[in-house]
Amino acid sequence: MDATLTRRDLAKRAALLTTAFGFDLRPAAAAARELKIARTTQTHSVCPYCAVGCSVVIHTIGDRSKNVKPAVVHIEGDPESPVSRGTLCPKGASLKEFVNSDRRLTEPLYRAPGESAWRRISWDEALNKMARRIKDTRDRGFETHDAQGRLVNRLTNTVLIGGCTDTNEVNFLLSKFRFGLGILPYENQSRL
Amino acid sequence: MTTVAKLIDTTLCIGCKACEVACQEWNDQEFTLGTFDGTYQTMPDLAPNFWNLIKFNEFERDGQLSWLMSKYQCMHCADPGCLRACPAPGAIVQLKNGIVDFVHDNCIGCGYCITGCPFDVPRLSPVSKKVYKCSLCSDRTSVGMTPACIKTCPTSCLTFGARDELLRKAEIRAETLRADGDADAGIYNPEGVGGTNVIYVLREASAPQKYGLPKDPTIPWTLSLWKGPVKWLGSLVLAGGILGTFFHYIRFGPREYKDESDRPENPAV
């Protein structure tokens, strides 16, 4: 070491060095506001409200570990959407509340005819009930021939309703389901 | 670093309030019930947890009710009155890109910034005893994202970018509006506060009061008085007092009594 180096010189040089390396504490204080989506998982989805079907990006914290419960911390528009190009209306902008609401339905509820209260049932029970009703309705209303005796194989007492958030794959399956049962009337959210 | 700005083209606003919601969501504001006062406005006024209010200023145009939309929020002045008034070091900072941000760790809740603001924007929270306002999403802009309100705006009434560029864009837009018959269209970028980083395009630029914007906002002159001359005069008087006492003691020393009867009696305990 240089023998003429005084304590004062050392302090000066140290300060210079740390500043050169960017160890200035002032910018650190200025950038104290942390970006809350800096380490989130991004999931692309579609807004469930109207029929425009704007795309959204859902920001979730939690790395999908066994002991980590993921939480949605932010939802904003997806710039890749040709429909909305990253923008959202006030309803779409509030989707985080929709996802995290304590009043959100996460399991099927059933209210039997004549009952006043809803009751929780399992998915299996719900699916069985729905299948039973669809089958019974179809058995009652299925027409093989019309009044002139022409073969029609149609079902007109059941309606199929689609929605804007259904993907192409879901719509393909819905169509298969519809034609499989012979359902004629169908409706979608964009006309409701 | 380039100075950033937000351009609000009030003629394009449809009053959907998506920016209000996006602001609340991004800043994780707690839900509070709005106040219904017979207008379409969410609230009558800004709040400590509500930093961005779309104002539906009602007026009559051709015998019909019409609205002059405005976005009531922090204007991010080039010469911020709040920053001048703030006595707590580091509580209000002006970032290099022009954003005026509050650092709540340093805020002492004195509320001087509220009186210093020519636009009446900061709001004191009765819970945390600190003052809150729009940060122009300094957390987002610092990593190159646009503020939440601007990203969500469906009509592109809000845009964000370099200030010079946006001013040019605003000028072009105002010119288009004037050519289309709105003779009074213009830009709101008041000089009294050194220009603002939130720039408006107004249809009636000669009367910004109609939009709830002050016509010639200035920082109160009393502010520069007590932050300037009064402050150092006060320090001078204080230092003079201490110095005077010291020299008086050196010159005359402690008071001496000739005998005990001269000494004032001890007051009753």
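Domain bounds in this briefing come from an automatic or database domain assignment. On that basis, chain B comprises domain 1 (4-79 + 133-217) and domain 2 (223-261), and chain A is divided into domain 1 (41-100) and domain 2 (109-191). The structure is a predicted model, in which local features need pLDDT of at least 70, side-chain atom pairs count only at pLDDT 80 or more, and totals for chains, interfaces and linings use all residues. Residues are numbered from 1 along each chain as its sequence is written, while chains are lettered from A and ligands numbered from 1 in the order in which they are written.

**Domains**

- In chain B, the C-alpha centres of domain 1 and domain 2 lie 53 Å apart.
- In chain A, the C-alpha centres of domain 1 and domain 2 are separated by 30 Å.
- The contact between the two domains of chain A takes 5 residues from domain 1 and 4 residues from domain 2; two residues are in contact if their C-beta atoms, placed from the backbone, lie within 7 Å.
- The side of domain 1 of chain A that touches domain 2 of chain A has 4 nonpolar, 1 polar and no charged residues. In this classification Ala, Val, Leu, Ile, Met, Phe, Trp, Tyr, Cys and Pro count as nonpolar, Asp, Glu, Lys and Arg as charged, and the others, Gly among them, as polar.

**Contact between chains A and B**

- Chain B gives 21 residues to the contact and chain A gives 18 residues.
- On the chain B side, the elements that give two or more residues are helix H1 (18-26), helix H4 (138-141) and helix H5 (148-152). Helices (H or I, at least four residues) and strands (E, at least two) are DSSP runs, numbered from the N terminus.
- H1(B) gives the most to this side, with 5 residues.
- By class, the residues of chain B that touch chain A divide into 11 nonpolar, 5 polar and 5 charged.

**Sheet of chain B**

- An open sheet of 4 strands has the order E8-E1-E10-E9 in chain B, with mixed pairing; two strands pair if DSSP finds at least two bridges between them.
- Its edge strands are strand E8 (158-162) and strand E9 (186-188) of chain B, each of which pairs on one side only.
- Neighbouring strands of this sheet are turned by 25° against each other on average, direction ignored. For such angles, axes are lines fitted to C-alpha atoms, for helices over the stretch in contact, and angles run from 0 to 180 degrees between N-to-C directions.
- E1(B) and E8(B) run antiparallel and are joined by 5 bridges, with Ile8(B) opposite Leu158(B) in E8(B).
- E1(B) pairs with E10(B) in the parallel sense over 4 bridges, and here the bridge partner of Ile8(B) is Tyr200(B).
- E9(B) and strand E10 (residues 198-202) of chain B are paired in the antiparallel sense over 3 bridges; Tyr200(B) is the bridge partner of Tyr188(B).
- Strand E1 (residues 4-9) of chain B is mostly covered, as 6 of its 6 residues are buried. A residue is buried if 20 or more other C-beta atoms lie within 10 Å of its own, exposed if 12 or fewer, and partly exposed in between, with C-beta atoms placed from the backbone.
- Both faces of E1(B) are covered: Val4(B), Lys6(B) and Ile8(B) are buried on one side, and Ala5(B), Leu7(B) and Asp9(B) are buried on the other.

**Sheet of chain A**

- In chain A, 3 strands form an open sheet in the order E1-E2-E3, with antiparallel pairing.
- Strand E1 (41-46) and strand E3 (71-77) of chain A are the edge strands, each pairing on one side only.
- Strand E2 (residues 55-61) of chain A pairs with E3(A) in the antiparallel sense over 6 bridges, and Ile61(A) stands opposite Ala71(A) in E3(A).

**Helix H8 of chain B and the segment after it**

- The number of buried residues among the 24 residues of H8(B) is 0, so H8(B) lies largely in the open.
- At 1.5 Å a residue, H8(B) should span 34 Å, which agrees with the 33 Å between its end C-alpha atoms; the expected span of a helix is 1.5 Å times one less than its number of residues.
- Just after H8(B), Gly253(B) takes a positive phi of about 70°.
- Glu256(B) is found in the segment after helix H8 (229-252) of chain B. Glu256(B) is exposed because 7 other C-beta atoms lie within 10 Å.
- The C-alpha atoms of Glu256(B) and Leu238(B) are separated by 27 Å, and the two residues are 18 residues apart along the chain.
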